[in-house]
Amino acid sequence: MINLNEEILLKVQKPARYVGNEVNSVIKDKNGKIRFAFCFPDVYEVGMSHLGLKIIYHLLNEREDCYCERAFAPWPDMERLMRENKIPLFALETKDALSEFDFVGFTLQYEMSYTNIINMLDLAHIPLYSKDRSNHPFVIFGGPCAYNPEPLADVADFFVLGEGEEVLNEVLDLYSKWKDTNATRREFLEKVSEIEGIYVPSLYEIEYNEDGTIKRMVPKKEIYKTKIKKRIIQNLNNSYYPEKMIVPLTEVVHDRIMLETFRGCTRGCRFCQAGMIYRPIREKKTEKLMDLADKLIKETGYDEISLTSLSICDYSDIQNLVNKLIEKYRESNVGISLPSLRIDSFSVNLINEIQKVRKTGLTFAPEAGTQKMRDVINKGVTEEDLIKSVRSAFELGWNNIKLYFMIGLPFEEDEDVEGIAELAYKVVDEYFKVPKEKRQKGLNVTVSTSSFVPKPFTPFQWFGQNSMDELYKKQKLLKEKIKSRFITYNWHETPISFLEGVFSRGDRRLTKVLIKAWELGCKFDGWQEHFDFEKWMKAFQECNIDPHFYATRERSLDEVLPWDFIDVGVSREYLISEYKKAEKGILTPDCRQGCTGCGITKLLKGGKCFNE
Amino acid sequence: MNRYVIKLKKMGNTKYISHLDTMRTLHRAIRRAGLPLTYSKGFNPHPSISFASPLSVGIESLAEYLDVEFDSVLNENDILEKINLSMPLGLEALKVIPINKKMPTCMAATYASKYEIKLKYTEKDKIEEAINTIVNSREIIKIKKTKSGEKSVNIREMIFDLKLKNIEKNYFVVECIVLTSNSGSLSPDVIAEILKESVALGVPVVKRTEMYTKINNELVPIDEFFSRM
């Protein structure tokens, strides 16, 4: 156990990040347990806002033979003191060093957290490369970025693909048997690779073509499986969901109850990785949600509950659920929040009902500025939808509207970028059409653009990301077009998007770049104040790797992609047909209106997609 | 409106929770306890919980005071028991005192705080001398940064009592009573800084041990004051 005394904790910002001791955190006897460190490769406030952590943490701690604890990336001030005082990375519950654990599991939520993983392993004195580990914990990864595991292939002992609720229990069952035998680490990895959803990268070799593309992936033994299927929880109503959640002692980013209403999304937006990898849609029943809400409110004391999903207004019983929650908790001052709103007047009315009070900002994501582009990405909303929604928002008293867009989408031309400005102007015009006495004074329209990053398992996985120059030009174009004092324009840092593009579609050869960049001092790359593009470029150069090969190169449709060996359910044929439809601007309807044949049903028992 | 004053202990790792976070933590603890907390009326209802005086991050306390209001009259032992069942380890309610409407708030009543400051020493023999130097001086001028610039303040006037409590093998502990009020407060860190100029070193470890109000020139602990009324 590490001694964290005042000499350290009084010298850092927000020491509460490092002390644990939160309500509902789990304290139990560690002796004889399988020890699992759930690691989030970012600072405490970010990590503790992550729903997956809360589910897995409580799930694993339900097991009597397992003690799951948490670890986060220490902020640089703390890291410096830890290194100076030779304090290894520790878990918050027991303050034991991570090297004492059986499993060190990281969740991969965004590519820009990868250097933090390396840094955390180093701080934990765990060898960075899987091949160098012997009497060390198994380092495992899961989460959405694990669907392209290859950039971390040499770091990982294994990956967990898909929903972790069931598969982690299978892994632990296997481990507890293995622990009592004399079998080697290698033997465990071979054994665990037999579990569906588990990928052990060291069992495979990659052969490359002369042009640097992948020729094929070769299992080192014939018995190793060649296709890894993601895991799916068939019925969300019966699957594990915690009835209590840790209540942090210091404010975190999402400091409220997160009530997961459903997984998956039926919209089929072509840029959206979540919309593809989390298929199929599975809802929880309203009664189940009401029951969970009640328990969570009692156990946490939170006064806000957020209904989470990829697109909350698509929950089939949303109006009833919201009404019931409002009715039930009005007296006890529990607020309800609905993230991920769609652009339609139904959503505006719904949010008006729950925000009877302060009209803080309202955010819409048209994603693209012209109808052509919205059809390319299969967004399925029209300008009319947006204008109608902002009109009702203005009439209901909102005056602060945020609009999210992407630039750098496939098939985008300058006029599509200019269309973003035009749309923003139309929103301003709509405000002034509302009679003065009906609208709230002080209009503010914020336009934000992020730069599109092509992701694996989307129809745009072959697309060459726009170069930084192209993106700069588009941002400049937009800046010049937006002259209104009512409109503010924000944009996302281009170099970060470029690097994200490299890693999202990278292969195994990037592990060494990652480690080099970390050696040069890169960490917290998702934080603008820490991001150092020049160091990254130096790392690529020293490793003799061209980042453009990964980011800006258009792949041919028959190229072997680094993640091709993973089966997420959605078929390659479907993605190709979606890419082709995108080019022609042909829409694919929401799959609630009829199956679009993405392929997911073949992973489901009975081949049925929707909840009965 | 049913007012109560709660005396709390904030020890161990809870000392690293900031003032605002402590407010949030208590709010949630009271909600978990199922006590009928009163909320302000209006657009953005907030709970009626307020502390006598914010405690800096890193300071333990045996005597934090807060005002709370509940929608109904409750038995003070019930409140105490229920709150303590839902508190994080380290935070503990010590007393609950029902008070009437006309009483001042804890914040308005507070005049002074007692602290223990633990420091490492350089020369054991000079500790008492260093403390006496402070006690015997009539003026200790410190520059204080304010919103409108800097001003010099005589902090000696803000120290009501200062003495050596004990000397241990590696450290010594001083006990002081200093001004804590709406019109100004002295941070125990200032005293630690002065001692560090002569005999002390390292990071001071501070604990608040009591808070006082002033009645007829006499310092009365806050809980005693409210219990007397």
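Before the first entry I needed a definition: an axis is a line fitted to C-alpha atoms, for helices over the stretch in contact, and angles run from 0 to 180 degrees between N-to-C directions. I also noted that this is a predicted model.

**Entry: a helix pair**

I looked up helix α13 (residues 383-395) of chain A and helix α14 (residues 414-433) of chain A. Their axes come within 9 Å and cross at roughly 35 degrees. I noted the hand too: α13(A) passes α14(A) in a right-handed crossing. Then I listed who makes the contact. From α13(A) come Glu383(A), Ile387(A), Val390(A), Arg391(A) and Phe394(A). From α14(A) come Leu423(A), Lys426(A), Val427(A), Glu430(A) and Tyr431(A). I sorted the residues of this contact by class and found six nonpolar, four charged and no polar.

**Entry: α13 of chain A**

I checked its length next. α13(A) has 13 residues and reaches 18 Å from its first C-alpha to its last, close to the 18 Å expected at 1.5 Å a residue. Which residues of α13(A) are buried? I found Leu386(A), Ser389(A), Val390(A), Ala393(A) and Phe394(A). Looking down the axis of α13(A), I saw these buried residues fall within an arc of 135 degrees, so they line one face of the helix. Val390(A) and Phe394(A) are buried, and both also take part in the contact with α14(A). Just after α13(A), I came to Gly397(A), which takes a positive phi of about 110 degrees.

**Entry: α15 of chain A**

I moved on to helix α15 (residues 468-481) of chain A. Its 14 residues should span 20 Å at 1.5 Å a residue, and its end C-alpha atoms are 20 Å apart, which agrees. The buried residues of α15(A) are Leu471(A), Lys474(A) and Leu478(A). They fall within an arc of 60 degrees seen down the axis of α15(A), so they line one face of the helix. On the other side of α15(A), I found Asp469(A), Lys476(A), Lys479(A) and Glu480(A) exposed. What covers the buried residues of α15(A)? The cover includes β16 (400-407), α14, β17 (444-451), β18 (487-491) and α16 (494-504) of chain A.

**Entry: where the chains meet**

Last, I turned to the two chains. I noted 22 residues of chain A in contact with 22 residues of chain B. On the chain A side, α1 (6-9) and α9 (286-300) each supply at least two residues. The largest share of that side, three residues, comes from α1(A). By class, the chain A side has ten nonpolar, five polar and seven charged residues.

Methods. Residues are numbered from 1 along each chain as its sequence is written. Chains are lettered from A and ligands numbered from 1 in the order in which they are written. This is a predicted model: local features need pLDDT of at least 70, side-chain atom pairs count only at pLDDT 80 or more; totals for chains, interfaces and linings use all residues. Helices (H or I, at least four residues) and strands (E, at least two) are DSSP runs, numbered from the N terminus. A crossing is left-handed if the near helix is turned anticlockwise from the far one by less than a right angle, and right-handed if clockwise. Two residues are in contact if their C-beta atoms, placed from the backbone, lie within 7 Å. Ala, Val, Leu, Ile, Met, Phe, Trp, Tyr, Cys and Pro count as nonpolar, Asp, Glu, Lys and Arg as charged, and the others, Gly among them, as polar. The expected span of a helix is 1.5 Å times one less than its number of residues. A residue is buried if 20 or more other C-beta atoms lie within 10 Å of its own, exposed if 12 or fewer, and partly exposed in between; C-beta atoms are placed from the backbone. The arc is that of the directions from the helix axis to the C-beta atoms.
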